Amino acid sequence: MVDADQTFVIVGGGLAGAKAAETLRSEGFAGRVILIGDERDHPYERPPLSKGYLAGKDERSSVFVHDAAWYADHDVELHLGQTVTHLDRAAKTVTLGDGTAIRYDKLLLATGAEPRRLDIPGTDLAGVYHLRRLAHADLLRGTLANLGRENGRLVIAGAGWIGLEVAAAARGYGVEVTIVEPQPTPLHSVLGPEIGSLFTDLHREHGVTFHFGTTLSEIIGRDGMVFSTTTADGDEHPAHAVLAAIGAAPRTALAEAAGLALADRSEGGGIAVDTALRTSDPDIHAAGDVACAEHPLRGRRLRVEHWANALNGGPAAARAMLGQDITYERIPYFFSDQYDLGMEYSGYAAPGDYDQVIIRGDMSKREFIAFWVKDDRVLAGMNVNVWDVTGHIQKLIRSRARIDPERLADPDTPLASLAEGAV
């Protein structure tokens, strides 16, 4: 039986919002739980959009966080296909696009991020895609299947995780793929040149063409459809479709208009929250891609656009909303699957943060662990086709202990023993 004396509202129908609603109920909250999402689909997970679902390996139904009946069964009120247009902190209300005003006692902003757009001529042509939502994946999956049957060509702007994963999926359909990237390697700002070149070789072996050191300057159409692309250095690449994979921006407009504190761009932007994911308004929390949280281990704010952050951040925010003493200090984590390469990454090492990358294993066989290290302390680790080591890597990061680089690089020194010594 729902107790209508308290109403908790969640704005954002993604993984963070859905897991927050689930946690409120599992923690015994008996008040109203209202979840508002601007998509018509029930909350879903985003990794399959560029992985299994896009590649045609997984069914559409596999992406959803809960089955449709779960929300009614747990008295979670859904407002799908609705945009929140206004947040009134004084009145403690949110207003929907249809004019409905909903009062809250506690509010969670899990509005996520949106793909950055290409600011070049031709983006209005049919055949230009972004990949952020399930509807985007539906369209792109059908396009890749058609291009594969017709020997079609896809040009991808950006060699980040989304660009590379879509390239791998596209090659699985038989699509000819060209990636245009301004940096000298894929994932240059994330992994650095040491590891980025590995992904260059991996994709080239599977038939992907790279054009580094430039950007798309125009998408050329014929009869309203994508026909080719040009780059800033004057080259032309035939194309039947173009994917813009140049990053995402946190959706902060609602928070900004309401006067909530935002994080500086140098911290990744987003809504500024403390270690309990609480905003500058004590009755409003934020979680997922939009939240830039104080991180106890990093000693600074950090905004993380990864599945695990939504998975864990939503429940943490929900518990904080219930008045529990919460310190959100999860080690950032993400994973990627491309062809026969699987990897997991833990930690955070921005360019300039580390002084060396230590390799344990054999990069030539693509079976290794890379550690980003500063002053002999592990900041981040990535295991490539090596499994069941994430816990050890995260323990090394969390400990902030100095580790002998030679032992860290030595495959004969059990990683577990290093981690135990770091406790």
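Helix α4 passes helix α5 in a right-handed crossing, where right-handed has the near helix turned clockwise from the far one by less than a right angle, and left-handed anticlockwise. This is a predicted model, in which local features need pLDDT of at least 70, side-chain atom pairs count only at pLDDT 80 or more, and totals for chains, interfaces and linings use all residues. Residues are numbered from 1 along each chain as its sequence is written, and side-chain values use heavy atoms, with hydrogens and water left out.

Helices here are DSSP runs of H or I with at least four residues, strands are runs of E with at least two, and both are numbered from the N terminus.

Staying with this pair, the axes of α4 (residues 134–149) and α5 come within 8 Å and cross at roughly 40°. Axes are lines fitted to C-alpha atoms, for helices over the stretch in contact, and angles run from 0 to 180 degrees between N-to-C directions. That angle makes α4 oblique to α5; under 35 degrees counts as roughly parallel, over 145 as roughly antiparallel, 65 to 115 as roughly perpendicular, and the rest as oblique. On the α4 side the contact is made by L140, R141, L144, A145 and G148, and on the α5 side by V166, A170 and Y173. Contact means heavy atoms within 4.5 Å. By class, that is six nonpolar, one polar and one charged residues.

Next, α5 and α6. The axes of α5 (residues 161–173) and α6 (residues 188–205) come within 12 Å and cross at roughly 10°, so α5 is roughly parallel to α6. The crossing is left-handed. W161, L164, A167 and A168 of α5 meet V190, L191, F199 and H203 of α6. The classes are seven nonpolar, one polar and no charged residues.

Contact residues include K19 and T23 of α1 and W307 and R319 of α8.

Finally, what lines the largest cavity? Its lining consists of H295, L297, R298, I331, P332, G347, Y348, R377, V378, L379, I397 and R400. Strand β26 (residues 377–384) gives the most, with three residues. The volume of the largest cavity is about 150 Å³.

Note on methods. On a 1 Å grid over the protein atoms alone, a cavity is a set of points where a 1.4 Å probe fits but cannot get out, and a pocket is an open set with protein on both sides within 12 Å along at least five of seven lines; lining residues have an atom within 4 Å of a point. Grid points are joined across faces, edges and corners, and a volume is the space filled by probe spheres set on the points. Ala, Val, Leu, Ile, Met, Phe, Trp, Tyr, Cys and Pro count as nonpolar, Asp, Glu, Lys and Arg as charged, and the others, Gly among them, as polar.
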